[in-house]
Every structure is written in structure tokens, then in C-alpha cells.
Amino acid sequence: MVSCSDCNARCCRQEVPLFGETAVPEWLVEVDEQGNRVLHRLEDGWCALLDRSSMRCTIYADRPFVCRQFELGGIECLELRAEPGALRTS
Ligand code: SF4
Ligand code: SF4
């Protein structure tokens, strides 16, 4: 059974378009090349709202729509988990 507990939050390296979410601080909102509002990601690719010690979302209860739609165990999730370094070893 697929679980986030052994995964280094690979899905939190995807671009997150925003649709009026209010839980995202405005200083973490960027405009991409297409003019869409997106959540800021750090230089290493991870979302700025990810707690790096626990690898958990710091606004989980109010996370953006796109994050809510991401399906645990879905095709995209399984593809990300198959990438080198995706799973925790300890
Ligand atoms: S990629 Fe899948 S298993 Fe990993 S954190 Fe995201 S939803 Fe969980
Ligand atoms: S808002 Fe939360 S769930 Fe969405 S990408 Fe960022 S850390 Fe992950």
C-alpha cells in the first residue's frame, strides 16, 4: 500500500497554480511566464511551504486546490516515487 510516510514529498516539487487560495501568504505567490499565479518554490525545487525536517505541508488543512487533487497512489504519484532518491531509506 502506498504511503506518504516513506516518501520525500516528491509531489511538492510540482508547480502549484493558485486559484484564489487565501492560506498562501502573498509574499510566496509568484507569476509564471504564462501570467499564472503560482506558489513559490525554493532553488532546489521544493515548495516553500514544505517543512523540510518532517517533509510535511505546513498548511495541510488549507493546502491549495491543486494539492488536494493530487492522488496518493495515482499514476503521477507512482511515477514520482519511482524516481531516484524519492523514497526515504531510514
Ligand atoms: S508523491 Fe505520492 S507518496 Fe509521495 S508525498 Fe506525494 S502523494 Fe505522498
Ligand atoms: S502547499 Fe503543501 S501540499 Fe502543496 S506543494 Fe506546498 S507543501 Fe506540498
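**A core cysteine and its surroundings**

Mentor: In this predicted model, Cys47 touches Cys12, Leu39, His40 and Arg41, once its neighbours within four places in sequence are set aside. Cys47 also belongs to the largest nonpolar core, which has nine residues in all. In soluble globular proteins, nonpolar side chains tend to be buried together.

The segment before β1 deserves attention next. Arg10 lies in this segment, with β1 itself covering 29-31. Is Arg10 buried or exposed? Its relative accessible area is 11%, and because buried means under 20%, Arg10 counts as buried. Beyond its neighbours within four places in sequence, Arg10 is in contact with Trp46, Leu80, Glu83, Pro84, Gly85 and Ala86. Ala9 is placed in the segment before β1 as well. Ala9 is buried, at 8% relative accessibility, and its phi is near 50°, a positive value in a residue other than glycine.

A positive phi is also found at Met55, where the angle is near 60° and the residue is again not glycine. Met55 sits in the loop between β3 (50-51) and β4 (56-57). With a relative accessible area of 15%, Met55 is buried.

These parts may now be set in the whole. The protein contains two helices and four strands, and along the sequence they follow the pattern β-β-β-β-α-α. The radius of gyration is 13 Å, close to the 12 Å that the globule rule gives for 90 residues, so the protein is as compact as a globular protein of that length. Its C-alpha trace spans about 35 × 25 × 25 Å along the principal axes. Of the contacts between residues at least 6 apart in sequence, 54% join residues at least 24 apart.

As to burial and surface, buried residues account for 30% of the 90 residues. The accessible surface is about 6,200 Å², and carbon and sulfur atoms contribute 53% of that area. The side chains include 10 positive and 15 negative ones, and the centres of the two sets are 7 Å apart.

Key
Residues numbered from 1 in each chain as written. Chains lettered and ligands numbered in written order. Predicted model: local features only at pLDDT ≥ 70, side-chain atom pairs only at ≥ 80, totals over all residues. Heavy atoms only, no water. Core = buried A, V, L, I, M, F, W, Y, C linked by side-chain atoms within 4.5 Å. Buried < 20%, exposed > 50% of the residue type's maximum accessible area, 1.4 Å probe, protein only. Contact = heavy atoms within 4.5 Å. Rg over C-alpha atoms; globule rule 2.2 N^0.38 Å. Areas by Shrake-Rupley, 256 points an atom, 1.4 Å probe, with all protein chains shown as cover. Lys, Arg positive; Asp, Glu negative; His and termini not counted. Charge placed at Lys NZ, Arg CZ, Asp CG, Glu CD.
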